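Here is a quick tour for anyone opening this model for the first time. Have a look around, then read on.

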Amino acid sequence: MSLSVNIRYGFLKAQSKAHPRPIKAKCEFDVGITAIVGPSGSGKSTFAHLLAGLLTPTAGTITYNDKAYFDHAKKINRPPQTRAIGYVFQDNALFPHLTVRENILFSDPAQTINVFLPIIKAFEIDHLLDRFPQTISGGEAKRTAIVRALAAEPEILILDEALTGLDKAKKNVLIDYLKLLKQHFDGPILMMTHQIEDVFKLADMVSIIDQDGIKPPQPIDHIIHDKDFKNHFQLNDNINFLHGKISEKSDDGICHISIAGHSFKSYQKNAEKGQTVRLYIEPKDISIALSPPTDTSILNIVAAKVQSISQNESGIAYVTLSFEADNEDTIPLTLNAAITRQSLTHLNLQKGQDVFALIKALSVLG
Amino acid sequence: MILSSYEMAAIGLSLKVAAISMMVIIPLGLAIAYGLSRHNFKGKALIETIINLPLVLPPVVIGYLLLMAFNRQAPLGQFLEDVFGLSFAFNWLGAALASTIIALPLFIRSAKAGFDMVNPHLAKSAQTLGASNVRIFTRIYLPLSLPAIMAGGILAFARAIGEFGATITFVSNIPSLTQTLPLALYQAAQAPNMEEQAFRLMVISIVLSFGVIYISQIWLNKSSQKDLSGQRL
C-alpha cells in the first residue's frame, strides 16, 4: 500500500505564472502519517492538488499500488472523483448550506448515517449532526471535514495545514483526534504543514519540500539528525527524541512509560499497555529545580546531574541533564532542558551539579 | 379600473414577451455565467465584453442590428424562414428576441457574481468526494448562488417588460402584434387627445412592475435572512 509519485509541475509558461516555483517530486508514501514540511508558498498545497487530480502535472507518473492515477506518457489522467484520495482543506470546505449529516453523506446520499456512526462517535461529532457548519467551532468543523473525507472511503488521505490557525489548547485536542485517525484509517496519510511541532507530535515520516522539490520521506528519528533538516527549521541539537514502552496504564489514563529503564508518567488517552512508542519532549517543557518541589501538578520529578550548559546570543540556555542508571537494566539517559539565562544565573547551575528535572509534558507519537 | 381590450392586449403581449425571454435567459444565462465563473480561457475578456455590450449600447443600436440580421431579405433571416419557418420580423417573437438580448447581460452579471462568491474549495472538495460536475452545479453552486440568481432574474424580467428602444426599432409598433405596454404608452403619449389613455397605461405599467419586484423582494429578503441564521437556503 504505497503511493509512488514521480512528477514535475510548473515548468510550462502558463503554469509558472500561477505557481512561481516549479515542483519536482520523486518519492513513495507508505501507510502511516507522512508530514510534508516546508514554509508557506513552497508548494505544499500545489503538490496536494497534483496528487488529488485537482491540478495536472507537466510530466511523470502517480501510481497507487498498481493503479495509475496519472501517467503522462500513457496519457492517463484520472479525475479526482476516481482517485480515492480524501482531501481535507485548510478551511475545511464544509458545504455551508448543508447540515453536518448532509455533509458527511455528500459522497453517497443513498447511504444512511448509521454506517458511519462508529467514526462519527470516535470523532465526537454525533451531537452536531443536525447543525449547520457556521454554528460549530473550528475544531468541530475540522473533525467533521475529516469524517466527511473518510465517509467517501478513500485509500489515501491528505490533510492540508490541518492544525494551522488553531490556538494551542485546541491544537492539542485535535492532535489527539489525529492520532485516533490512524486507528480508523489504514492507508497513507499525507499531512502538509509548515509547523515543525506538528511533525514531531504526529508524523511517522517526514518529507521536506524546498526549492529543489520534494525530498523522499525519512523516518522522523533519522531526519532530526539530518543537517539540512536542522538548518531548514533552525533546530539546534537540543531536541529530545526518545523510544519507550508503555509499561503500565492505570484506569485514570496515566501511563508509565519506560525509557531506557527510566520510568516517566504521562496522561495518554489512547495508548495501550505494552505498546512501544516514540516520544518527544520539548526542551522548554523541562524545568530545573535545586530541591524537589512537594506541591506541584507536575507528574515527573526526577533526580539528574548537569552534564553541560550551552548558551547562545538569545536569552535561552540549554542544559543537558543526565539521568543516572539506578539498576543494571538502566542505560544512562540525557535530556536537554531550555531555561532562561536569568534562571541559569539565579540557580547558579554548574557542571556536575545535582538537580531535579521537572518534566511538564511528554508527547507520545504512537 | 376596468381594462379595455386594447389595454389587455398590450398587457398580455408584454407578459408573453417577458415570459418567453425569461425562459431563454435563465438556462442560457446560467450556462454562460457558470462557464465564465468557473473557467479561464483565451479570449474570455472579449466574450464578456460582447455579452455586456447591450448594457451600454443605445437599445436602438441593438434593434437596428437585429433588423439588419433578421429581416426577410437578410441571409440569416431568409435561412431561418426557409429552414425552420421561423420569422422574427414584425411579430411578438421578434419583440421577445430583442428583450432577451437586452436583458440577458443583467442576468449573467448577477448570476456570475453569485457563482464567483462560492469558495472554490467547495467544488474541489466535492470532486474528491466523488461528485460529478452536474452534481457540483446542482447541489453546490445553484443553492449557494440562488439569491444572486433570483436578483438577476428580477432585474432581467423588469428590463424585459420595460424594453422599448430595441423593440420599436426591430419589430415596429403594431397594435396587438408587437405593441407591448411601453410601446402602447408611447403611442398614446404622442397622439392628440389621448392623455387619459396614456395615464391609464402608465398606471398599469407601474402597478405591474411594482407587483413583480415587491413579491420577489419579499422572497429574496426571506432567503437571505435564512442564510444569515445558518438555516437552509
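Let's start with Lys284(A), which is partly exposed at 47% relative accessibility; buried means under 20% relative accessible area, exposed over 50% and partly exposed in between, using a 1.4 Å probe and protein chains only. Lys284(A) pairs with Glu282(A) in a salt bridge whose closest N and O atoms are 3.2 Å apart. That term stands for a side-chain nitrogen of Lys or Arg within 4 Å of a carboxyl oxygen of Asp or Glu. Glu282(A), at 11%, counts as buried.

Before going further, some ground rules: this is a predicted model, where local features need pLDDT of at least 70 and side-chain atom pairs count only at pLDDT 80 or more, while totals for chains, interfaces and linings use all residues. Residues are numbered from 1 along each chain as its sequence is written, chains are lettered from A and ligands numbered from 1 in the order in which they are written, and side-chain values use heavy atoms, with hydrogens and water left out.

Helices here are DSSP runs of H or I with at least four residues, strands are runs of E with at least two, and both are numbered from the N terminus.

In chain B, Arg200(B) and Glu7(B) form a salt bridge at 2.7 Å. It links helix α10 with helix α1 of chain B, across 193 residues. Both Arg200(B) and Glu7(B) are buried.

## A sheet in chain A

Chain A has an open sheet of 5 antiparallel strands, in the order β17-β21-β18-β19-β20. Because β17 and β20 stand at the edges with a single partner strand each, one side of each is left without a neighbour in the sheet. Inside the sheet, β18 and β19 of chain A pair over 6 bridges; two strands pair if DSSP finds at least two bridges between them. Ser308(A) stands opposite Thr320(A) in β19(A).

## Chain B at a glance

Chain B comes to 10 helices and 0 strands. Its C-alpha trace spans about 65 × 45 × 30 Å along the principal axes. Of its 233 residues, 41% are buried.
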